[in-house]
Amino acid sequence: MVSFTLNKRQVSVDADPSTPLLWAIRDHVGLTGTKYGCGAGLCGACTIHIDGTAQRSCQIDVGSVAGKTVVTIEGLSPSSSHPLQKAWVVEEVPQCGYCQSGQIMKAAELLAKNPKPSRAEIITHMDGNICRCGTYHRIIAAIERAAREA
Amino acid sequence: MTIIDRDISRRGVIAGLGGMAFCIAVGNDGVRLMSQARANALANAAINPWVRIAADGTITILSAGAEMGQGSMTSLPLIVAEEMDADWSKVAIEWTPADAKVYGYKDPFGTENLMWIVGSRAVQLYFTQLRIAGAQVRKVLIANAAQKWGVDAATLKTEPSVVVNPANGARLSYGEIAAFGTIPPTLPAVDPKELRERKDFRLIGKSVPRRDTPSKVNGTAQYAIDVKLPGMVYASTLHSPVHNAHPGIWDAGKQDPSAIAPESWNDAEVRAMRGVIAVVKLANGLAVVADHFENAKAGRDALKVTWRKAKAEGFNSDRALEDYVKVHADPNAQAVKLEQKGDVAAAFAAAAKTYHAEFRSDYGYHAQMEPLNAVVRINDAGGKVEVWEGSQAPDETRKAVAKALGLPPEQVDFHQCYMGGGFGRRSLGDYAAECALIAKEVRRPVKLIWTREEDIAQGMFRPQSFQCLEAATDASGKVTGWKHCVVGDGEFLLITGIKIPYYGVPNQAIERRGVSHGIKLKHWRAVGHVFNTFAIESFVDQMAVDQGMDPIEFRFERMGATPKARKVFETLAQMSDYKAKRPEGRAIGISITERSGSLGAGAVEISLDRASGKIRVHKVWVAVDGGVIVQPGAAQANVESGILYGLSSVLHERITISDGAVQQSNFHDYNLMRMSDLPEELNVKFVDVDTRPTGLGEIGNPFIAGAISNAFYRLTGKRLRHLPFTPERVLETLKA
């Protein structure tokens, strides 16, 4: 049994401590906004925050987050009110949408640390997150909008 | 968490609706509405109302537009709503059931009805039928209001969701009418001339946001991989690494299972692992079933299997490409004629000059971000099956699952989910059928997820190709003769985009020479267009350079470009300021492409790092004739997406096969474009025309390779002749 804080809620997961946090969140707890893309830390679809830092949940053992604070896309804001989520809608970023939870969580880490990032800083920060539909330019526009309007 | 546990009969749904429910009939000319009374009178009516109007004014419109990011889930109901004159804010969208007889379109290449959302044809194929259906609903609503008011229906008008009597200002909302209205046994006929004129559109061509967007920024959008059923277990599969496909599109039904079935494996060891419930033998692999996915995957990863011999054993993709050259040189090799126009032999005999060029291309993988998966539940008696999947062809999944279980398709219910990318891969239902067999074996609801490694190893690829082009020109430099031969596996997948209807070359001989390797192949965003257009447009550029002509003028003067092609080129030249001098170290290249009725001319501006061989694309322009644009925002996003998909494949993506097995295994060795490769500018423009909409999801992709290779020539004086243009290949080309 591993206990941690997930989206401001205390949760206990009955899984082997070596279980990837991704599957603990998705299947054991039942929050499915965090996605499985590669299982190898290569695509960023499973990005979540652990104590405020963006991490790939497929590469983290659930045992290692005992006592820590985990935030997923579902916990980013009440009713999609985070400036990034609003900007994502205005810029019509998502296409298939599958990578977007990870993109938004990765971008949220950036804005928390650097509220007015340059285009180059955005690209450097976001380069590990793959979007197969090719929404990269809209992701940049949405991050810039959120930075402007936040 | 979403727990889905529903078992609602469709008849029950219809009976309990209230309001007005317009059902669907299929005539010789496509989708038509019929009244609920008639629908209910039909034997075995597995019919959901296409349009429902509730007394509170809510209008529910079903969508057959499987949603993989292209937006047709929203576009199709929007077309109905336009002609209905519905208030879009009151429209709710639901998926249609997977019954092609009821909800499909007529196969443009055959006689059956299909629900395949492929080739970017959803809007194109459904457009007129849905407009007529919407207009019929509007007529019925007006007729009911006319009767109530005792006036002539012809004097009434509509505003969004309201029937209005201009004579006295009386108004009845659609919801009010639904409370008392009746639907005649035969719906009123609508002549296409009665449909709205473009200038009167309120929704088509306007800025209407996609309906799926809000759920895709907060994690609530439901993909099949997110479905959870009570008592559900998880499966992870390992298939024979060596492919065993028959010629043409992969078809499980054609495969001889005995040939590649697992012969022996460490069954007891895997069954003893944590959480493992069963190891199920499949026709071409094994499935480990467990209480949780991580345990199923651990079991799968621990499998040690001896496989029987498969067809692709010994196959090597690099070696095969060189064999294609021999097939092309062999006068006795079997060839399928694709185009025979005029007298090619005479054109070449009389030529003032002839040209010749060869091109190659490698296999490509779809790399949709959501690995293939499905959920299946079979009832205890075994006679009722439910499938959850994100599918480009729900009717195919239904048939595939039914066939696997030996049941009639009517006993399979399909629940559509969002797709985390499709790109042509999600239209066979093969993994859903596999999931059904596992569910039958373990007698529990099953979620099957292919690992990314499995998704690549069992990929169904864009075929590799060798191409030879030859042309004859007369004394004036006009191209009078054209020969194009493509060699490879994949039958019709190999030939899309090989014809050149946008040029007026009088004598043409286009052919395919087929081989079969046993490698699984499939549609892939514009598939053959990718390598065929690359070869055609690089070859045309080569001739333009040889004749010292501007490449656009060469296409107009010497290739006989059609008026439609001239228009997109002219638009492109204008938007890209094509003739302007480029900054030092940069060059521009152009290309044209057609796909699914659309025509596009594109240009790229590139630079090159000569030390690393890395090509950088700075700016992209594309001018598209796609007919009337139904949803401008989604249309633009589709073309942009095609451009980036094209850039990714042209600059990075390469599948190689050694001894019959795929050598790449994840995104570290199958490289996809990342944000740092993004061009600084993407410019998309639609030519303003009144013609029927054509496909847009794949028009942004095929021109990229030719445009880059033509720009590369201007920069270096060398031609890239083998897709993809990886840095290693670029360096080799520079040295040659």
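The buried residues of α5(A) are covered by elements that include α2 (83-90), α3 (100-113) and α4 (119-126) of chain A, together with α18 (632-651) of chain B. The model is predicted: local features need pLDDT of at least 70, side-chain atom pairs count only at pLDDT 80 or more, and totals for chains, interfaces and linings use all residues. Residues are numbered from 1 along each chain as its sequence is written, and chains are lettered from A, ligands numbered from 1, in the order in which they are written.

The buried set of α5(A) comprises Y136(A), R138(A), I139(A), I140(A), A142(A), I143(A), A146(A) and A147(A). Buried denotes 20 or more other C-beta atoms within 10 Å of a residue's own, with C-beta atoms placed from the backbone. Helices (H or I, at least four residues) and strands (E, at least two) are DSSP runs, numbered from the N terminus. Helix α5 (residues 136-149) of chain A has 14 residues, which at 1.5 Å a residue should span 20 Å; the end C-alpha atoms are 20 Å apart, in agreement. The expected span is 1.5 Å times one less than the number of residues.

Chain A contains five helices and five strands. Their order along the sequence is β-β-α-β-β-β-α-α-α-α. The radius of gyration of chain A is 15 Å, close to the 15 Å from the globule rule for 150 residues, so the chain is as compact as a globular protein of that length. That radius is taken over C-alpha atoms, and the rule is 2.2 Å times the number of residues to the power 0.38. The C-alpha trace of chain A spans about 45 × 25 × 25 Å along its principal axes. Of the 150 residues in chain A, 59% are buried.

Strands β3 (residues 47-50) and β4 (residues 53-56) of chain A pair in the antiparallel sense over four bridges. Pairing requires at least two DSSP bridges between two strands. H49(A) stands opposite A54(A) in β4(A). Two residues lie between the strands of this hairpin, and D51(A) takes a positive phi near 45°. β3(A) is also joined, antiparallel, to strand β5 (residues 69-71) of chain A by two bridges. There, I50(A) stands opposite V70(A) in β5(A).

In chain B, an open sheet of four strands has the order β25-β26-β27-β30, with mixed pairing. β25 (586-595) and β30 (681-686) of chain B each have a single partner strand and stand at the edges, so one side of each lacks a neighbour in the sheet. Strand β27 (residues 614-625) of chain B pairs with β30(B) in the parallel sense over six bridges. V622(B) stands opposite V684(B) in β30(B).

Conventions. A residue is buried if 20 or more other C-beta atoms lie within 10 Å of its own, exposed if 12 or fewer, and partly exposed in between; C-beta atoms are placed from the backbone. Two residues are in contact if their C-beta atoms, placed from the backbone, lie within 7 Å.
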